[in-house]
Amino acid sequence: MAARQQMAPMLRRLRLAKASTNLGRQAALQQSLSRPVRCFSNSSPQRFQRTPPAAAAQGKFTSESYPDIKRDSRFAQLTEEHVAYFRELLGSESAVIDGVTRSDAIDDIEPFNSDWMRKYRGHCKLVLKPGSTDEVSKILKYCNDKMLAVVPQGGNTGLVGGSVPVFDEIVINMSRMSQILEFDEVSGTLVAEAGCILEVADQFLAGKGYIFPLDLGAKGSCHIGGNVSTNAGGLRLLRYGSLHGTVLGVEAVLADGTVVDDLCKLRKNNTGYDLKQLFIGAEGTIGIITKVSIQCPQRSPAQNVAFFGLESFDQVQKAFREAKGQLSEILSAFELMDEGSQALVRQVTNNKRPLEDKYPFYCLIETSGSNADHDSEKLQAFLEDVMEKGIVVDGTLAQDETQIKSLWAWREGITEALSHLGGTYKYDVSIPLKELYQLVEDTRARVDAAGLLGDTEEFPVRAVVGYGHMGDANLHLNVSTRRFDERVEKVLEPFVYEWIAERQGSISAEHGLGVMKKKFIGYSRNPTMVGLMRNIKTTFDPNGILNPYKYL
Amino acid sequence: MSALRILVPIKRVIDYAVKPRVNKAQTGVETAGVKHSMNPFDELSVEESVRIREKSRAPGGVEDICVLSAGPPKAQDVLRTAMAMGADRAIHVDVKEGQDLEPLAVAKLLKAATEQQKSNLVILGKQSIDDDANQTGQMLAGLLGWPQATQASKVEFGEGDAVSVTREVDGGVETVRAKLPMIITTDLRLNEPRYASLPNIMKAKKKPLEKKTLADFGISAEKRLKVLKVTEPPARQGGGKVEDVDGLISKLKELGAI
């Protein structure tokens, strides 16, 4: 088995070779051997790599890009006295990053002040890292009494600026509360602290034969508390449903320090209002989630991945119907990618494309089941059928584990590839399936008509691409730009939101509202609903200190 | 130049991405219920053979690409994969699960197969990632009395029956030349294996797969080597994480480092 270990040093040698010589062949090989893993997954928290302080320092402050957001004058300014209290409370040196009394802490605070895309940047001067629910409670009680605004923060991998401050809010970072507390091997119920990294939880479960019901590209950095707070969707939703179903209970701390202990471990509990549901997807505006109990399904031992090329979106819909019909219970993912998104991944990674020719659409199908033979027989029959019917033009079936990972990289690598190329306007929307891709075409036509889209440097927009979770009617519309240009935003907004509202879609399927979509909530929710939401916010957080300037 | 008849021996091994575990009896590696696939070095051999044909690199052309695997019935899966990548036909030599062949037995089997199939070029992976023997190609060359070029990173065809093979050695590359018939073993940098396309996967189902037994080649699975014990390498001692500078200092003091 030593060759397995040897391959790693070989890869390193190949990388060196790539650096020192210019042989394209070697570069290509290096790619093939680098065994691409699902893109962000094998890394530990990436915040620091992605947002080096120097780069972040150039980022624009959210308060500048959103001039209509004004600091709420009811909130107190941070003083040395406040800092001294938190220091006393949290004890350990590393739990407080203090930029109020110490001027040398600016670089340390910067990563907590901006998001990984460098799109949002706050003026925060104090970061607190509580180590227990009790500490969170005491921090919030003090902040509520002193009128200090706070921002709860998990892995800071959000896309809408929900986890970074706008002005000088105190960041409450949950990374020290990262323990897995208990796991019931019979029922599959996992209880963990909010700061537990998703991949760590999933690895732990893998060892027990279970799987975390949520999977997404940023799993190596994001916290499960943040996942629940934002009601993250991700790649396994088609199979395991949303967190509203899988989360059995939460423990959360309200603005005044009250601990809401609803850490229920029961699947069924029809006693009164299901209050935990309010915390799921509340983005930290009504309380800070400190613990989560979640129902984990059995991990499927057999997985297969197929990758298709299709000629039109009509064919994609047909393929989806066939997949549901023929693969039924083993279908675990049906992902859509357009040629534009794949071209960008290719441009950035230089990986060998799975199919020889280019097609306007690609689909990735994953099956998971308990019996490999049964699954592959079903999948084979399905593939033959869709090929014969002419729904699918070309495709490939992963022959081994490595190919499964590299095929997935073509879907999961899109976000990362786009971030390498420059700024991206991201819209995460739900639209009835029939018109799912029409949005991309209409947007592209509109940007093009405005003379902003082109292949050369003079055009601010590089590409308008679409991809997403076909199975959940969830599309990611991404507009990749070469530089910031006000005209682009004017062309896109509110056009995109209006387009979606006309079709009763959702302007935020899984990414949440944050700062980015705060003012657009009206496109997806009527005034009665928004009014009720405001009432809930006031009930839980009368002073409005939790994650202000966002969400509603 | 004579037309090439290429024989590509392939092996079904535990998938590269799976972490192998030693069985409880410590007699070998746990294979039951573990995902298997084609030995990665053999994928390179198949890919290279197909490319020689597709790019018409050999002046005499490629007449036949035959893949061969000795193993349990499941080995037919990797043979189908190889045919989906572009091999013409396959031979499956049935060997019972657990009755693994040693490199010498495989080399003898391949010698017989090479003669039967009238092959004039055998492209093998330099080693399989389960046993890591890196012996079969060399032994086969010895048994056949053919020239061998091991660990190929580039294969070029010249005038007559000459074949130039570039191989990576410490501190550079070495180019060797030999005449057909010959043996080539492949190394990682030779090429990048393709994905088998759906139409080709389906076509591969109709390509001929011949079933044979060891007796057909006059070979027995007798063992010359005895495995005494298989154990996992000692577990790596994990590192610890300290909260802050004070924690680091006290830890260093505790260890007597300062």
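In this predicted model, helix α3 of chain B lies across strands β1, β4, β5 and β6 (121-125) of chain B. The helix runs at about 155 degrees to β1(B). The points below describe the sheet of chain B, the helices placed against the sheet and each other, and the domains of chain A.

**The sheet of chain B**

- Nine strands of chain B form an open sheet with mixed pairing, in the order β9-β8-β7-β10-β6-β1-β4-β5-β11.
- At the edges stand β9 (172-179) and β11 (209-213) of chain B, each of which pairs on one side only.
- From one strand to the next, the twist averages 35 degrees.
- Strands of a sheet pair through backbone hydrogen bonds, in either a parallel or an antiparallel sense.
- The pairing of β5 (residues 89-94) of chain B with β11(B) is parallel and extends over five bridges.
- Within this pairing, Ala90(B) has Leu209(B) of β11(B) as its bridge partner.

**Helices of chain B**

- Helix α2 (residues 75-85) of chain B lies across β1 (4-9), β4 (62-71), β5 and β11 of chain B.
- The direction of α2(B) is at about 160 degrees to β4(B).
- Two packed helices are described by the angle between their axes and by the distance between the axes.
- For helix α3 (residues 103-117) and helix α4 (residues 136-144) of chain B, the packing angle is about 50 degrees and the axes are 8 Å apart.
- The two helices α3(B) and α4(B) are therefore oblique to each other.
- The crossing in which α3(B) passes α4(B) is right-handed.
- On the α3(B) side, the contact is made by Pro103(B), Leu104(B), Val106(B), Ala107(B), Lys108(B), Leu110(B), Lys111(B) and Thr114(B).
- On the α4(B) side, the contributors are Thr136(B), Met139(B), Leu140(B), Leu143(B) and Leu144(B).
- Sorted by class, this contact of α3(B) with α4(B) comprises nine nonpolar, two polar and two charged residues.

**Domains of chain A**

- The domain assignment divides chain A into domain 1 (2-33), domain 2 (47-172), domain 3 (180-295) and domain 4 (302-516).
- Between domain 3 and domain 4 of chain A, the C-alpha centres lie 27 Å apart.
- Contact between these domains of chain A involves 10 residues of domain 3 and 14 residues of domain 4.
- On the side of domain 3 of chain A that touches domain 4 of chain A, helix α11 (residues 237-240) of chain A gives the most, with three residues.
- That side of domain 3 of chain A has four nonpolar, three polar and three charged residues.

Terms used
Residues numbered from 1 in each chain as written. Chains lettered and ligands numbered in written order. Predicted model: local features only at pLDDT ≥ 70, side-chain atom pairs only at ≥ 80, totals over all residues. Axes fitted to C-alpha atoms, helices over the stretch in contact; angles between N-to-C directions. Helix = DSSP H or I, 4+ residues; strand = E, 2+ residues; numbered from the N terminus. Parallel < 35°, antiparallel > 145°, perpendicular 65-115°, else oblique. Left-handed = near helix turned anticlockwise from the far one by under 90°. Contact = placed C-beta atoms within 7 Å. Nonpolar A, V, L, I, M, F, W, Y, C, P; charged D, E, K, R; others polar. Pairing = 2+ DSSP bridges. Domains from an automatic or database assignment.
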